[in-house]
Amino acid sequence: MLHHCWRGRLLTIPSATRTSQKFFSSTPGNTSKRQCKVLVVGGGSGGCSVAAKLASKLGPGKVVVLEPSANHYYQPMFTLVGGGIKKLEDSVAPMKDTLPSLSTWVKDSVAEFQPDANAVVTKSGEKIEYEQMLVAIGLELRYDKIPGLLEALAIPGGSVCSNYSPKYVNRTLEALQKFQKGNAIFTFPNSPVKCPGAPQKVAYLSEHFLRRNKKRRDAKIIYNTSLPVIFGVKHYADVLWKVAESRDITVNLRTNLKQVIPERSQAVFENLDKPGEEYTIEYSLLHVTPPMATPEVLSSCKELANAAGFVDVDKDTLQHVKYPNIFAIGDCSSTPNSKTAASAAAQAPVVYRNMVAVMEGHSPSASYNGYASCPLVTGYNTCILAEFDYNLQPLETFPLPQDKERFSMFLLKKHFMPFLYWQFMLNGLWNGPALVRQLLEPLRQEKKKTP
């Protein structure tokens, strides 16, 4: 997850510090019809990165970005915001300052995909026709899927929090500061999620916070995950089990949050391996990772989406299996990789090269290897940098063992990754660490030879 904000404040980005100034057309979508060479649906990490590459190649007026949000958030920073290490304003910039130069921004959202007509219809009723389309609309946070959760999150100064939304992330630090004793519970839902390491990162940070503030002895910390493992890659899971054990964190596998009862400060969990088996537990702090899903406008489009609601693409080329002029990137694609910003960075050059190949009448040849990265923050000065591929095998960048808690990796997460994100990835200039890994390979081999 490599990622923005070396600028002024919230958020003026001085042109001298940006790779390029952002002069593009923004339109409210008040015309009935529009045509473009490339339509990018979604202005998040992946969409913005590929749009920057394509706009640079094709020139002004060729790339349209359909994105309704006024702000762009660097979501990987939310873990640090929730822990009080960063401020929320450090993680956000105006969308107009992050979308690529030479693109046309339509500040609207898609209401209907019409892939057979090479078009989409926006919520304002505008029809946009394209030669190629990149779908990059991500995943939606579905807090509403857990009864009682929205009510609990609406309680001012309450003890229920969630790092996943800018609306709620500041509640995590508030809940930690308010906490005195009892159960501090952290959850992982029974659904696809973006940044699947984040639900346990907040548990480790919270445990460290309570130790720092002399509250740890009166706290029972519980991590309830719907997964059958603590982490999907065994190389790092083995270490994370040791971290949890050393911090006296109880880890319950195949345990899913079913309901929150805010008036009684209770949470109801189900055992996914034993249908019908439930238990209720009181909490003094409850951090919820919400269920997630692709937006309904995508999942309901059977031409584009698979049975799970994701854009049905070839996992190597990221090209749609039915429509050769449609590609997908990031969280909304059907690729079976971990959904992280680092994944989008590695996918971006593959998507770009293959879209250009199709434009030029060739078959896609660039291939994505499933690279994903998860900086697993384990405290206020430690981090395990997990990097792996489709086969859940380590694909590490640095010539030192990365299955260890390191201060250096924490600094990378805190300072360098945001810089990479804002200054390079969003400008289409960061394609993941593959080149760095290649340059460091001689050092890695030398380390292996050293007894």
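Hi everyone, let me start with the second largest pocket, which is lined by 25 residues, with Phe188, Pro196, Leu227, Asn337 and Ser338 lying nearest its centre. What we have here is a predicted model, in which local features need pLDDT of at least 70 and side-chain atom pairs count only at pLDDT 80 or more, while totals for chains, interfaces and linings use all residues. Residues are numbered from 1 along each chain as its sequence is written, and side-chain values use heavy atoms, with hydrogens and water left out.

A word on terms. Everything sits on a 1 Å grid over the protein atoms alone: a pocket is an open set of points with protein on both sides within 12 Å along at least five of seven lines, a cavity is a set of points where a 1.4 Å probe fits but cannot get out, and lining residues have an atom within 4 Å of a point. Grid points are joined across faces, edges and corners, and a volume is the space filled by probe spheres set on the points.

Back to that second largest pocket: its volume is about 500 Å³. Its lining divides into 15 nonpolar, seven polar and three charged residues. For those classes, Ala, Val, Leu, Ile, Met, Phe, Trp, Tyr, Cys and Pro count as nonpolar, Asp, Glu, Lys and Arg as charged, and the others, Gly among them, as polar.

Now the largest pocket. It holds about 1200 Å³ of space. There are 47 residues in its lining, and Gln75, Ile137, Gly138, Leu139 and Lys194 lie nearest the centre. Which elements give two or more residues to this lining? They are helix 1 (45–58), strand 4 (71–73), helix 2 (78–82), strand 10 (140–141) and helix 9 (341–359). Helices here are DSSP runs of H or I with at least four residues, strands are runs of E with at least two, and both are numbered from the N terminus. By class, the lining of the largest pocket has 24 nonpolar, 17 polar and six charged residues.

Two of those elements, helix 1 and helix 9, also pack on each other. Their axes come within 9 Å and cross at roughly 35°; axes are lines fitted to C-alpha atoms, for helices over the stretch in contact, and angles run from 0 to 180 degrees between N-to-C directions. The crossing is right-handed, meaning that the near helix is turned clockwise from the far one, whereas left-handed means anticlockwise by less than a right angle. Contact, that is heavy atoms within 4.5 Å, involves residues including Ser45, Val50 and Leu54 of helix 1 and Ala344, Tyr352 and Met355 of helix 9. The residues of this contact divide into 12 nonpolar, three polar and two charged.

Next, the largest cavity, with about 30 Å³ of space. Its lining is Thr79, Gly82, Gly83, Asn163, Thr172, Leu176, Val202, Leu205, Ser206 and Tyr380. Helix 2, helix 5 (170–178) and helix 6 (198–212) each give two or more residues. Which of the helices gives the most? That is helix 6, with three residues. The lining of the largest cavity has four nonpolar, six polar and no charged residues.

Helix 5 and helix 6 pack at an angle of about 35°, with their axes 10 Å apart, and this crossing is right-handed too. Thr172, Leu173, Leu176 and Gln177 in helix 5 meet Val202, Ser206, Phe209 and Leu210 in helix 6.

Helix 6 takes us to the sheets, as it lies across strand 12, strand 13 (219–225), strand 14 and strand 18, running at about 160° to strand 12. These strands belong to an open sheet of five, in the order 11-18-12-13-14, with parallel pairing; two strands pair if DSSP finds at least two bridges between them. At its edges are strand 11 (160–161) and strand 14 (249–252). Strand 12 (residues 182–188) and strand 18 (residues 285–287) share three bridges, and alanine 184 stands opposite leucine 285.

For contrast, three strands form an open antiparallel sheet in the order 15-16-17. Six bridges join strand 15 to strand 16 (residues 266–271), with isoleucine 261 partnering glutamine 266.

Finally, strand 2 (residues 33–41) runs parallel to strand 9 (residues 127–135) over eight bridges, and parallel to strand 3 (residues 63–66) over four.
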